[in-house]
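Trainee: I should like to learn how to read a protein model step by step. May we go through one together?

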Amino acid sequence: MIEAVIFDLDGVLLRTEELWDEVRERFVRERGGRYDGAAQRAMMGMSSVEWSRFIHDELGVDEPPEAISREVAGLLEERYRERLPLIPGAVEAAQRLAAHWPLALASSSNRSLIDAALELSGLATCFRVTVSSEEVARGKPSPDVYLEAARRLGVGADRCAAVEDSHSGIRSAKAAGMRVIAIPNPSYPPDEEALAGADVVLASLDELAPSVVASA
């Protein structure tokens, strides 16, 4: 019996993976660092604490990780306020499920970006709980952010359904013991092994109906 639904943000409600890639690449290159496709894939699912340290340690940017995280998040928020990249059907899907279950958000984004996205989309009232992976010990694919979201909701993790798009996110929610509804990211699709761990695979948010969640 599903008692709560927990959404990922980037790649599920917002089409931001390409934007994150663009902003971080420009940031790294302008500061004399190295950047390629492997760097983007390595950082998918990392918390801000983890990816800012990765940029410092592995990509050759001298600024302290805390400053890297703050500056990159600021650049992303500027872009959000110019035009929030909502995925078609995101608002309707969240509202549809919020009419049936308490919702939470479990995201790898910085806290400031979660708050800005929910403010700009008008979805803040749909989510009872929001958790950034910078607020827990480990980012995805570790289960920490999902377990914390369930804890704050007061619902057992095994009574939650998670909506995810990426290999790291799917693994994170499964490791937390949740039912996983995957909507694969078309630009950065999850690998076959991760996708095989999902309980339901959908083509788009339009297919995310209460009946699908209830039977996950």
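Predicted model: local features only at pLDDT ≥ 70, side-chain atom pairs only at ≥ 80, totals over all residues.

Mentor: Residues are numbered from 1 along each chain as its sequence is written, and side-chain values use heavy atoms, with hydrogens and water left out.

Trainee: How many helices and strands does the chain have?

Mentor: Helices (H or I, at least four residues) and strands (E, at least two) are DSSP runs, numbered from the N terminus. On that basis the chain has 10 helices and 6 strands.

Trainee: What is the radius of gyration of the chain?

Mentor: The radius is taken over C-alpha atoms, and the globule rule is 2.2 Å times the number of residues to the power 0.38. For 216 residues the rule gives 17 Å, and the chain is close to this, so it is as compact as a globular protein of that length. The radius of gyration is 16 Å.

Trainee: What percentage of the residues in the chain is buried?

Mentor: Buried means under 20% relative accessible area, exposed over 50%, and partly exposed in between (1.4 Å probe, protein chains only). Of the 216 residues in the chain, the buried share is 57%.

Trainee: What covers the buried residues of H1?

Mentor: Helix H1 comprises residues 17-30. Its buried residues include Trp20, Val23 and Phe27. The elements covering them include helix H2 (37-43), H3, H4 and H6.

Trainee: At what angle do H4 and H6 pack?

Mentor: Axes are lines fitted to C-alpha atoms, for helices over the stretch in contact, and angles run from 0 to 180 degrees between N-to-C directions. The axes of H4 (residues 65-82) and H6 (residues 111-121) are 10 Å apart, and the angle is about 5°. Angles under 35 degrees count as roughly parallel, which makes H4 roughly parallel to H6.

Trainee: Which residues in H4 meet H6?

Mentor: Contact means heavy atoms within 4.5 Å. On the H6 side, the residues include Leu113, Ala116 and Leu120. On the H4 side, they are Ala73, Leu76, Glu77, Tyr80 and Arg81.

Trainee: What is the relative accessible area of His56?

Mentor: His56 is found in helix H3 (residues 48-57). Beyond its neighbours within four places in sequence, His56 is in contact with residues including Val61, Pro65 and Ile68. His56 is partly exposed, with a relative accessible area of 28%.

Key. Parallel < 35°, antiparallel > 145°, perpendicular 65-115°, else oblique. Expected span 1.5 Å × (residues − 1).
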